[in-house]
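Colleague: Hi! Could we go through the ring contacts together?
Modeller: Happy to, let me bring up the structure.

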Amino acid sequence: MTTQPEAVLENNLIGQLKGLGYAYVTIKDEADLLANLKAQLEKHNQTTLTDGEFKQVLNKLHKGNVFERSKILRDKIEIIQEDGTAKYIELIKQDAWCQNQYQVTNQVTLEGSYQNRYDVTLLVNGMPLVQIELKRRGLELKEAFNQVNRYQKHSFWSAYGLFQYVQLFVISNGVNTKYFANNKDQSFKQTFFWAKQDNTIVTKLEAFAEAFLEKCHLSKMITKYTVLNETHKILMVLRPYQYYATEAIIERVKNSSKNGYIWHTTGSGKTLTSFKTAQTLMGMPKVDKVVFVVDRNDLDYQTTKEFNSFQEGSVDSTSHTGILVDQFTGNYKTKKGAHKDTNLIVTTIQKLNNAVTNKRYLERMTPVQDERIVFIFDECHRSQFGKTHQTIKDFFTQAQLFGFTGTPIFAENVSKNAFGKRTTKDLFDECLHKYVITDAIKDQNVLKFSIEYVGRYKQKDESENIIDIEVEDIDRKELFESDDRIDKISDYIIANHNKKTHSREYSAMFCVSSKEVLIKYYEAFKAKKDSGLHDMRVVTIFSYGVNEDDQEADGLISDPDMDMEGPISSHSRDKLDSFIADYNAMYQTKYSTKDSKQFYGYYKDIAKRIKERELKSAKASDRVDLLLVVNMFLTGFDAKMVNTMYVDKNLKYHGLIQAFSRTNRILGDKKSQGNIVSFRNLKPATDKAITLFSNKDAIDEIVMQPYENYVAWFERVVKELKEIAPDLDSIDEFPSEEEELAFVKKFRELIRVKNVLSTFADFAFDDLSMEEQEFEDYKSKYLDIHDKVKSDTSGEKVSILNDIDFELELIHKDEINVAYILKLLADVQASKQSKDQKEKQKKQIMDLVAGEVQLRSKRMLIEQFINENLPKISDEDSLENHFADFWNEKKRKAFEVFCEDEKLKSEVIGKVIEDYLFSERKPLDDDLINALNEKPSLFQREGVIKRIRAKLFEFIELFVEGMSGVV
């Protein structure tokens, strides 16, 4: 036997869990699940529930989605007893998390849209809170992840939906094991290995179970380290390094008065770590207050918002020092006038310094001097090296100080100031936990960087890279800021921006050396847009005070000034006002530089447009394509939808790593790396920075390989693909699904490397042995297999392709939509080519339709329009109106047939469709039943609902999705 069967893996795990103290219970179906739940809740609450009382419990449990049910789990359920008095049932004990009842079961069978049988389920007080899905050794771990997604779609919601209370999933093939929170919208990249404290990952199932599934640890991860994100309405679970950092600080506060700092690389989720730390410390009797300190107003706002997304109302922002003093002294009132004790404060270091130095506040602050206050400093590499740090330490006599940084200050990157050369260790004592960029890339928690260096200039008849030469008779500043150079770089960005950002699916940033250079760049982009050379949405922001330039000799990012009350540069202010006027016209806003409040509002609006692109509700009309900055947004700003950084600025050490790290947040499969395009030779500085913040051998782990290496990879995969499918006909002749599976996996690898290749400016199919048309032909066959698997709902046989992720996002092209196809057809109609040439072009257009994921379902109707209607249209300008008429008529007839076949009330089912399109909430069973002219019997009900729901979504996919702006 070459591979361990799944059943053996399952039985071994159950045996191990029993050894860890889990009681095995046989649960075959929902009836068993409910009976066991009743018994366990009675045991946990030391009570007896009548059938009527238990029915009340079930009714209150059967409410809301996964997020809402997670809140119910953490609350107590009120039931009314037969004598009219209230009784409260606890579902899980949170403060004493070890004091719960633990069971393990396997092969629970539930029936929703399909019948599903789950591998191993862990029950806490009878509630299924952890689901473990196993695959035999040798299979991709991603298949188990996809199986979980299938269960979420098909059956977790069925009956009382108790499996929607699952908090954590574990997936394993024995060799590799990962865990993740119950969030159906996340990708496989948001699954995590557990690790030891030194970041050594724990991969094998047996070792994972010993460390992670131990009863007390698992309960702690659920009750303490699973976060309910209020903004996105999702569950988040801490990664191991976040857990160890939080535990290290808690241990420090419990057992000593020492300080410390956490070194977690930029992009690894320090805000969530610091929130959980602050939240846990708040509950400790030894701690009077927790103060989270940031170094800029914009981060005060951003951090408050993020903290409140993790726990609604957990903090109120301190808009001025007076409010901060009220929060310290217990006199704080909410906007509604209610008194509120503030145990967690988020403030800026400037306001904190003002509170302890300004005479008007000192009398009120004196009583809290000796309180046990824990200070957590965010991005402590920036703000803690002046007089303020010592002032805070001197004022609060019982304070403990903890710093979080992704780029600590060492002897190599320290800047001398009035207080000498002090490192992070000098200020905060020892590092309590370290997680560097190489750890994060290895764990796939951040992306690698793809760095391209661009820009060659002629000097005395020799072609040289200007930054490689040291010639005294060249005015470097004049050359770098010359109109000709700025014009060429602007053209380069315009030409390559779509490649870098996957047709603007992502946003990009461009950091430059000074506000004067920024103004030149912005005006160059604007002039080219006015001339019709591009249609990118370019926005900018810079502070207009007199000292906002980056010092080129330094190369470190200085902090942007958000307070505009001091001396100002009238020229830069006038320019910024005109740029803001462009912004207002583009987005229908009303910002200006009238005062700091207006300027800050402008800053926040830009941040929101870029950051919220990741939300489902984001509109294309709100997007920002390119953000031009000097210093702003280069530190402390996290946006997953930023994937590219253009650089025309000297950077080094922590400034370089911070700026580059705006691009490497994990998102989905399409975002394969953070793109850095440098118009200066930053390679020596990059190598030094990587060496300082990881090690000298880490460059290959952090920076992606050159273009030629990915071409070689592509060629190797093409060769292996041709061994499986020598030509297109061979794919149709595959004898079984095994051959189809091998083809899908190999072509999926090909599209992965093609996705990386396509972001290089040098990419062209001429460099490859496979022509673009051949790639598209193979892609069409790949999509045919996907469509076949998707459409097979017979349920007679489980396809081995069911749990394969086809990664369609890697081949979806936003620019190829119905509107684009109509434009191509209009061009064909307007051309004076021969009939044969036009027919050839129409065929090419249909091949394009066949190769695009969102258009395949519409292929037959588009082809019918081309064959039957297009020849009758003489005016290409009216083509879109003709198509809209054709499409609306087909939609109307299809809707009538749908209603007639299923005996539906057209106005009711029409409202169901309308509500779904507006809210994206899937129709409830009762919504569909109420749309029927005749109610089915109880026996027929489930089959009828399943059939109507499937047809409804087929109708929406065909006639509605992707048709915005066309019909």
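Colleague: Which ring does the charged end of Lys178 sit over?
Modeller: That would be the ring of Phe188, with the charged end of Lys178 4.9 Å from the ring centre. Keep in mind that this is a predicted model.

Colleague: And what about Lys604, where does its charged end sit?
Modeller: The charged end of Lys604 is placed over the ring of Tyr600, 4.9 Å from the centre.

Colleague: On to ring pairs. How many aromatic pairs does the structure hold?
Modeller: There are 53 aromatic pairs. One of them joins Tyr22 and Tyr102, edge-to-face, at 6.0 Å centre to centre and with 75° between the planes.

Colleague: Why does that pair tie together parts that are apart in sequence?
Modeller: Tyr22 is in the loop between helix H1 (6-19) and strand E1 (23-24), while Tyr102 belongs to strand E4 (residues 102-111), so the pair links parts 80 residues apart in sequence.

Colleague: Are Tyr22 and Tyr102 buried or exposed?
Modeller: Both Tyr22 and Tyr102 are buried. Another edge-to-face pair is Phe449 with Phe660, at 5.9 Å centre to centre and 70° between the planes. Phe449 lies in strand E19 (residues 449-453) and Phe660 in helix H23 (residues 653-660), so this pair ties together parts that are 211 residues apart in sequence.

Colleague: Nice. What are the relative accessible areas of Phe449 and Phe660?
Modeller: Phe449 has 1%, so it counts as buried. Phe660 is buried too, at 2%.

Colleague: Last one: which residues form one aromatic cluster?
Modeller: Tyr179, Phe192, Trp194, Phe208, Phe212, Tyr225, Tyr243 and Tyr244 make up one cluster.

Key
Residues numbered from 1 in each chain as written. Predicted model: local features only at pLDDT ≥ 70, side-chain atom pairs only at ≥ 80, totals over all residues. Heavy atoms only, no water. Phe/Tyr/Trp six-rings, centres within 6.5 Å; stacked < 30°, edge-to-face > 60°. Helix = DSSP H or I, 4+ residues; strand = E, 2+ residues; numbered from the N terminus. Buried < 20%, exposed > 50% of the residue type's maximum accessible area, 1.4 Å probe, protein only. Lys NZ or Arg CZ within 6 Å of the ring centre and 35° of its normal.
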